[in-house]
Amino acid sequence: MIQKLLVANRGEIARRVFTTCRALGVATVAVHSDADADAPYVAEADEAVRLPGNTPVETYLRIGSILDAARRTGADAVHPGYGFLAEHAGFAAAVTDAGLTWVGPPAEAIAAMGDKIAAKELLAGAGVPMLPTWTDGDEVTDFPVLVKASAGGGGRGMRIVRDPADLPAAVDSARREAAAAFGDGTVFVERYVERGRHVEVQIFGDTHGTVVALGERDCSIQRRHQKIVEEAPAVLPDGVRERLHAAAVAAGRAVDYVGAGTVEFLLAPAGEFFFLEMNTRLQVEHPVTEAVTGLDLVRLQLLVAEGGALPVPATPPADGHAIEVRLCAEDPTQGFRPATGTLHRFTVPGVAGEFTPTRGLRLDSGVDTGSTVSVHYDSMLAKLVAWAPTRAEAARSLAGALARAELHGVATNRDLLVRVLRSAEFGAAQVDTGFLDAHPGVFAPLLPADRLPVAALAAALAGAAARRAAAPVLAGLPSGWRNVPAVPQAVRYATTTGDEIEVRYRLDRSGALADWSTGPAVADPTATDAPDAPPVVELVTAAADRVLLDVAGVRRVFRVHRAGSVVFVDGPDGAAELTELPRFPLPRAALAVGSLLAPLPGTVTRVHVGAGQRVAAGDLLLTLEAMKLEHPVLAPTDGVVADLPVPPGGQVETGAVLAVVNPEEAPR
């Protein structure tokens, strides 16, 4: 039996595996990069070994370093988690060759499914339905198509191509991203199914010849080909579920599968389905399957790795419904680019359990309050899962918990997830892989623009209350008191969209709110419309962390948290992040006109133009790689490239100048 398990991964999956190990009495070993030294999973392990460096290539992808960590700690088994080396046949073989127990499928099965082109050929022979596929882009005749990486997954290297003229560039870009993410730039092309649904089947096999389907999951709602909402069971037409399960089991038996695996299918609107790929590992979205089956899939992995027989001989019936969302560090104001920073507060209300099968609300998080989100790894912070007797109840519970969560310090996709869960189309199970493109309204922030002024007022009143509470003299005076009460207090804030708002308020001698207003920090002299009158607001109570306002006869509670100059306000309408601006700002050096700044830390992988070159608006200037994704930097206007200060391979921080494009003057 396994006595000590090393998890060759990081973040929430390491915490997930450690949780089951603690319940079973198995000792645990973590490995960590320098950036992850203070991560929660490292603190929770019984032992931890440093992998010097930060990038995945330096750390989590170094097979020799991980095996050395197992030797030094006396670990007798290795769990790969997901991502990194989880689907690396050479790693599986190296672990078993070292005399350790490998918690995963045999290296031969990983190799067979790791090459997606060969996997399609193998499983087609087993009767699994396939889409038309091409390995040579010149042979493609049926558009639209999807360019895919042959190795790896997670949406890396995927490109939809509708115009044949765009195929060569898409293939080149996909190859670069796949090579960076998986060390293998091989890609292929398959027919793209419009309005298709991504439905996958969880399979499990043991060394006694059993392969069973443990139900299916719908993972159709995706952005950049990465899943963000998953649910079990899927809402399927009559008869499809049984055929899906049978095809998935046939795929597992074709490779003598052992352990946890996922067979992914594309479901067409007419009810046809086609094999996409087989992931030879535990999936990110496995908690929804655990919720509706009551099974601990990590426990089953360990049981099978020890040679035990699966205690589940057939597909268990689904009990209730579970929905999972992936909470990611992404900035909605910057096209959902990955975001970095420090989580000053990370709390989710109503959580019933973490990392194990839970009825109610489950949180699997790789971060805690105080965690640093770096540029080196994937942007996913946590998974939040809701189980309920019905799909509608699960969606409502999950959306409510997300909306009330306090997520301070790093931009996230929380508002998008809440709007998806609350949309009428999701409620009616009208989902497909193009859901987000078809429903752009879900990208709107939860906090409406007309509610921001009241949130800013709450921030200002909380700030005044905090200063009054900390006052060393005259502490008995009301907050905001001044000798000339007719003159209002004024506080300026910057919003996350780059705008500024000024809050002006006046308290009377008793401390009550006499009047208030907001407006741009700098008035527009050309504006002719009178500003809308602010709602009637009465101040009920104000403290540094909580402000209660009566807004037009309705009492509203605002939770306020300050970190340095940044104020986070969580109210009934949504959350606001406001940066208090100094009354007398210091002068700053002006940037050159046409400067393009790095939106986040990263590496300039390619520079596509040269200094002095004339470019048109939208031309690709350079490519920035961060958090395992490519980010194109485009010319904002017609002009001439004046400067390219960062060469290929150069590291940059947020706000660094990447290029300068002198705008082309319009003809007179």
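Here are a few questions and answers about a sheet and a pocket in this predicted model.

This is a predicted model in which local features need pLDDT of at least 70 and side-chain atom pairs count only at pLDDT 80 or more, while totals for chains, interfaces and linings use all residues. Residues are numbered from 1 along each chain as its sequence is written, and side-chain values use heavy atoms, with hydrogens and water left out.

Q: Why are E7 and E8 said to pair?
A: Two strands (DSSP runs of E, at least two residues, numbered from the N terminus) pair if DSSP finds at least two bridges between them. Strand E7 (residues 145-149) and E8 have three bridges, in the antiparallel sense, so they meet the definition. Val 145 stands opposite Val 161 in E8.

Q: What makes E6 and E8 the edge strands?
A: The open sheet has the order E6-E9-E7-E8, and strand E6 (133-134) and strand E8 (159-161) each pair on one side only.

Q: What is the volume of the second largest pocket?
A: About 1,500 Å³, where a volume is the space filled by probe spheres set on grid points joined across faces, edges and corners. A pocket is an open set of points on a 1 Å grid over the protein atoms alone, probed at 1.4 Å, with protein on both sides within 12 Å along at least five of seven lines; lining residues have an atom within 4 Å of a point.

Q: Which residues of that lining lie nearest the pocket's centre?
A: Among the 49 lining residues, these are Asp 331, Thr 333, Thr 496, Thr 497 and Glu 577. E31 gives the largest share of the lining, five residues.

Technical notes: Helix = DSSP H or I, 4+ residues; strand = E, 2+ residues; numbered from the N terminus.
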